[in-house]
Every structure is written in structure tokens, then in C-alpha cells.
Amino acid sequence: MIKIRKSICPYDCPATCGLLMEVENGKIIRVKKDSDHPVSRNGICRKTAHYEKSIYSPKRILTPLKRIGKKGSGKFKPVSWEEAVKEITGVWKKIIDQNGPEAILPWSYSGVMSDIQCKCGEAFFARMGAPKLVDTLCCPAKGEAYESVAGKTGCLDPRELKDSDFYIIWGSNMAATRLQALNELNKPANRGKKKILIETYETPTSKYVDRTICIKAGTDGALALAMMHVLDQEGLCDEAFLKEYAEGYEVFRAGLKQYTPEWAQAETGIAAGTIRELAREYAAANAPAIILGSGNSRYENGGMTVRLIVILSLMTGAWKYPGGGLCGCNPRDGAYVDMDLIERPDFRKKAPKIFNICEIASALDPEGEQGIRALYVYGGNPANTAANQEGIIKGLEREDLFTVAHERFMTETALYADIILPATFSVEQHDIYRSYGYCTLGTAWPVIKPPGECKSNWDTFCLLAREMGYEEEYFRRTEEEMLLYILDHPTKAVDKLPSDKKQLLRQGESISLPYADHLKIRTPSGRMRIVNDELKEAVPRYIRPHISRENDVEPIRLVAAPSLYTLNSEFRDREDLIDRRGEQKLIMHCQDAENRGIKDGDRVMAYNALGHVIFRAVVTEKIALGNAVCEGVFRRDDCQGGSTFNALVSETLSDLGEGTTLNDNRVQIRKC
Ligand SMILES: Nc1nc2c(c(=O)[nH]1)N[C@H]1C(S)=C(S)[C@@H](COP(=O)(O)OP(=O)(O)OC[C@H]3O[C@@H](n4cnc5c(=O)[nH]c(N)nc54)[C@H](O)[C@@H]3O)O[C@H]1N2
Ligand SMILES: Nc1nc2c(c(=O)[nH]1)N[C@H]1C(S)=C(S)[C@@H](COP(=O)(O)OP(=O)(O)OC[C@H]3O[C@@H](n4cnc5c(=O)[nH]c(N)nc54)[C@H](O)[C@@H]3O)O[C@H]1N2
Ligand code: SF4
Ligand SMILES: [Mo]
């Protein structure tokens, strides 16, 4: 008999789609959209439509493994959990005695985004006294910049886009990363509304918009300023709105004079006429929505860029109207889960040593003096997602570094581990799921039993805690008890929901919470901060990205973009998706190619001081001159030379949020 069970997508994607599992004899045979789910009723993406293929992949790690060959050789033997846990805690205890817990570095990011499984390690390592990882690998510059202007004010939930009358999609490949929001835009009622995409190249999203405007990477702040210059010069700003709802407008306005469209043309590569036209069209709309992706925040100037775009969204008073304003930042009106219940900052006895997630190569540097002796990686794959890949590999090769990876697959990072612990999939776990792009919240109970000896992050940390002698009650709870504990201690936003909605959360369902009141400005002054005196740069202005500052000969700006078929380094277990994605390619402008004697399909090498990476060239005119783009994260062993994109990425941090500058790369390119 086939049973239908509900679950939620755990991946790092704004929608947390609802999934229906068809289960037969304890096995998931089919995965479908959950039509009751507030967001995914229109469908789910191609990746999770065959989630069962990943869950039952023959490549899955099913038992603990112990390294028996050289680091990175891939030689392991199966061991029992008991043996693995004894070995890990034995080594840790020795390190703690000799070097203190500061020598044990945890590293995790967004492999599983549900709250308990994603964050329970924080409590464990807080109890240990291990360093704290500043987890800024995605787009913290965007979050912090938004907050520097709007505070905790909720932005538009993508479902509100039905009421917008003009769309600017700014640096988001929605066809890959915001499928549910794109579905909203594609509804018949929204089809006639104009849509403009501002991108580094023509992406798969381009076919859904009226026009793609290609911009030189990292210069969006110049475009936003020039648009505001036009609005100001032509009297198109809503001054009454700005006076009532914002502060610092007059000071900021005085600085706009210099940012003419002609100035911005040189900076961005976009014709001055196009900038004027875009500003006028934007102002002519009542309720224009800017859908802001994360791409343009991953630069050294990323925080400033996002501040300027958020300010632009205020200029014409769009926020006053349903559907008008900004989408893509934090839409929530208040917190949905009290994360301290999971992360337990109170377990720390003293202030921790801090490491930035983007600086792991430096933290592990064989010649460095950071004193890291052990690394514990879970829910992440730093050897292929963090900056300075060659540096990270050198660190992972250190014989005096004891590495544990809790993983589902043999990733580039797990390959260098001393011990690998087998991890579960979301359908084998309990958890609560906050969407980061929508006002929704859901819970899920396990649908199937874990195969082999796989264990969840929660169960693994509880096991390690016991062996370490940590006696807190927290580590004795079951996963289900932890989930119920969270539901028993709701935040204000959840507590005030009607009881039938709260009941649904106890039944493994997803619910919708009220949209934020966008005019209830949740900053200390109750007004949007166009000027923010708490920041080093109080008055926003144009700052160039890292890439434009040095005078190399014809450097190329190298940008990472998402692939339709994979999600960061996940789904590479799936031949059906990987085959369609093909090899690691570099999309470049025909003129840049011609200048270097490169033809479409040639093998090319991109290089800078950090490393060199081989790509297959895709030559096109549908990209801004001087930009080069690679879609997706590839397997190191599938790439000639063994290096992938991040071998070219530096540890430079963004101006706000101490975040990755994944897209702020300067490279030279030549034919191989
Ligand atoms: N299929 C798929 N889905 C995903 C992911 C994936 O890898 N694949 N990743 C997930 C994750 S972790 C995240 S954070 C979200 C991100 O999702 P979004 O926040 O929507 O951002 P992306 O679509 O990644 O945005 C990247 C785009 O920004 C563009 N870009 C880069 N630099 C600039 C610039 O300077 N200016 C402009 N205008 N554009 C620029 C790139 O060309 C790229 O197309 O998506 C999630 N969903
Ligand atoms: N070149 C390049 N680099 C990038 C990006 C890019 O697009 N291109 N994207 C950037 C962005 S936006 C992000 S958010 C980061 C993501 O950085 P990471 O989080 O390091 O990347 P993922 O590839 O998602 O790796 C997650 C790993 O967690 C494992 N995992 C999944 N579920 C669980 C679980 O329940 N328990 C445990 N223990 N493990 C689990 C998966 O098998 C997977 O190997 O990468 C960044 N780096
Ligand atoms: S669109 Fe995003 S949230 Fe929805 S199923 Fe796909 S990866 Fe998961
Ligand atoms: Mo991300």
C-alpha cells in the first residue's frame, strides 16, 4: 500500500517548498509538490522532483569511515559508530588538554537549512569552548545593508508581487534560485507588466523578461545612483513620503548631482540613455517592485551597493502601495523561532575565539599561527565552496590536523577527513523550517528510517556530547523532544497566531504568517535611514568594487552564478542533472575572446595570484564586456587540473557583514 507523507525541502533556497512523499514498504517511490503548501502549490523544482534519486543514491555514505591511506587518497575502511566516536572524542580530549578547546574549529554552512539540524552544533561547540565561526558565506552584506536602512522592517513577501505594476529583477537568476517567485510573475495576470532584469549576462531568467540590461560586475551602485540622479533632477521623487518615512534625504540628495547617467555609463557599461529611460519608467509606475538577488552583494563594496538599491526603492514612494517596494531581503515581521533555544549561547563560559568562514584557508595555513589542530565539518563543503581552494587543500593535507566530516556524500572536503560520519537526509529527520524568503513556517517528522548507519546532526552531537561528558539536559533530548520544546516556547509572532494554525505546526504542516506592514518602520527612529550615522560611511556614495581598483592589463571580472541543475555543491550525486549541466564552462564576451584568440568551445585558463582554473569557453555577445561567468559548482575530480572556481576567489571580506566576495575576482584568461 502506498502512503502519502509530508515533508519540506531542506535546501538553501528561499521557498522551503512542501513535498509530498509516496511511501511504499518503507521506501519513498515518488516525490511531488504539496498542494496545500502556501508557496509551492505551483510546483517544485527539477532538483527535488526526484529527491528520491539522491536519497537512494548508490554514492551515499552509509557507515562511519576511517582513513587508511594518505590524506586525500580516498582510502577508508568502515568502522563502527562506537569506534568512530571513541576516536574522535579521544583526540579532542587530548587537544583540549594540550592546546585548549580553541584549537578545535567547527565549520558548517547551509547543507541543511532546517533550524535544529543546521544549528545544533552551535550548542555543542559553545559547551566545548571551541571557536565561533562567523558564518558569512552567502550574502551577509545584503542582510546587513538592508537592515542599515530598513532595520527590522519586513520587505515584500514574493506572493505580494501580484500587486506590483513594474518589476526590476536585480541580480537574481530567478529561474534557478527563485522559481516560486518567478511563477508568481509568470501568472497570466502579471504577464503584461513590464519586467527588467539587471544582470552580468543574459541568464536563463532573461527569457521571462522584457529586457536584460547587462552591467559590469560590481558596479550596480553607480547605476542606482544615476537613476536617483535622474529622479531628483526631473522632480520624480516622492518628497512627502521621504520626509515622513525616511531620514537623511536632504543630505543624501545634495550628493546626487555628480552621479549623472553619463558618469555611470563609463562605470557600468550601460548607455546613459538606457539609464534615463529606466529611471523614468520606474518613476512612472505606481507600485514598482525591485526583486533583489544576492549576486551584487558578494563584492567588497556589496554592502554599499545594496544600501543604494534599498534607498532607490524608497525614492518614488513605492513602499506606500501594495506590491510596491523591495523583495528579496527579510520579509518577516518578527522572529519565528527563538534560535537561542537551539544555539544555546549561554553554554559559553567565556568569549570565544572568532574565525570567519571565508578565511578557513588562513585558519588552516600550515605556515600560519592560528593553532587549529582539529576541524569538524558538517552541512558544508569548504574545499569547494569557500575562498582560496588551493590554500584550503594545503590546510586539509596537514598531517597534524585531525579532520572529521559528517557527510552524506564523498565531497572534496570529506575526502581529506580522518573520520567520516554518515549523515541523514531531511526525510529521515525531525525539524522546523523557517523560510528565509517568505512569511511561512513548517515542521516535518521523519518519513523513512535512515538507511545503513546514518545519523542526523542532532543525534550525532548528542552522542559526541555524552562521550565528552557534557551533562546538560539539552544533549539528552531526542530530536522530536527538541522540536516539541521549540513549539512549546513560541516567539511572539508565532504565539499570537490562531490556535488552529499553531495546531498545524504540531501536525507536520506548513503555515503562512501575516505579511509585514511595510510602513511600520522598525528602526530606532521609526524612519528609514538613508543616512546612517552608525556606519563608517554614514552618507551613501559610490565605491568601486575590489576588481576595478588595480591596474592590470585588461583584467576580466569573474562572477559565480547559480546553475539550474545543482545547488551550490549539492545534487552532484545525480547523473540526470549533472549530464545536463555539462562541464565547467566560462561564459565570456566575443570581443574579450577575440582579443585573446579564443573561440567558442576552446579550453581556456583563468588565472590570478591565487591559482589557475581550466574552463570550456562559451563565447557570446550576451554578456557585459569584461565580465566572465561560471554557472554552478563542479567536482574537482571532473575538472582538468583539479581546481574549480573558488581557486580564484580571495578571502577579502565585504564592507558590511564581513561576508564573502565570491564575485569580486580579477583574472587573466588565455587559451590553453
Ligand atoms: N538552482 C539553484 N538554486 C539555488 C542555488 C543554486 O546554486 N542553484 N543557490 C541557493 C543559494 S545558496 C542562494 S544564496 C540563492 C541565491 O539566489 P539569489 O539571491 O536569487 O541570487 P542568485 O540567483 O544566486 O544571483 C546570482 C546572480 O547575480 C548575478 N550577479 C553577480 N554579480 C552581479 C552584479 O554585480 N550585478 C548584477 N546586477 N548581477 C550580478 C549573477 O550573474 C547571477 O546570475 O539561491 C539558492 N537557490
Ligand atoms: N563557486 C561557487 N562557490 C560558492 C557558491 C557558488 O554558487 N559558486 N555559492 C555560495 C553560497 S551562496 C553558499 S550559501 C555556500 C554554500 O556552502 P556549503 O554549505 O559549504 O555548500 P553545499 O554545497 O551546500 O554543501 C553542503 C554539504 O552539506 C551536506 N549535508 C546536507 N544535509 C546535511 C545534514 O543534514 N547533515 C550533514 N552533516 N550534512 C549535510 C551535503 O551533502 C553537502 O555536501 O557556497 C558558496 N560558494
Ligand atoms: S525550488 Fe528551492 S525550496 Fe523548492 S524544492 Fe526546489 S530547491 Fe527546494
Ligand atoms: Mo547562499
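Predicted model: local features only at pLDDT ≥ 70, side-chain atom pairs only at ≥ 80, totals over all residues.
1. For a landmark along the pair, look for methionine 605, which stands opposite arginine 670 in β27.

2. Stepping back from that pair, you will find β24 and β27 among 6 strands that close into a barrel. The order is β22-β26-β23-β25-β24-β27, and the pairing is mixed. On average, neighbouring strands of this sheet are turned by 45 degrees against each other, direction ignored.

3. Next, do have a look at the helices α10 (residues 261-268) and α11 (residues 272-284). Their axes come within 8 Å and cross at roughly 115 degrees, and the crossing of α10 past α11 is right-handed. From α10, the contact is made by Pro261, Glu262, Ala264, Gln265 and Thr268, while α11 brings in Ala272, Ile275 and Arg276.

4. Finally, a word on ligand 1. Which of the 33 residues around ligand 1 come nearest? They are Ser172, Arg178, Glu199, Ser294 and Thr566. Serine 294 places a polar side-chain atom 2.6 Å from an oxygen atom of ligand 1. Threonine 177 also has a polar side-chain atom by an oxygen atom of the ligand, here at 2.8 Å. With serine 563 the backbone takes part instead: one of its N or O atoms lies 2.8 Å from a nitrogen atom of ligand 1.

Terms used:
Residues numbered from 1 in each chain as written. Chains lettered and ligands numbered in written order. Heavy atoms only, no water. Axes fitted to C-alpha atoms, helices over the stretch in contact; angles between N-to-C directions. Helix = DSSP H or I, 4+ residues; strand = E, 2+ residues; numbered from the N terminus. Left-handed = near helix turned anticlockwise from the far one by under 90°. Contact = heavy atoms within 4.5 Å. Pairing = 2+ DSSP bridges. Near = heavy atom within 4 Å. Polar contact = N/O pair within 3.5 Å; in protein donor to acceptor, adjacent residues only side chain to side chain.
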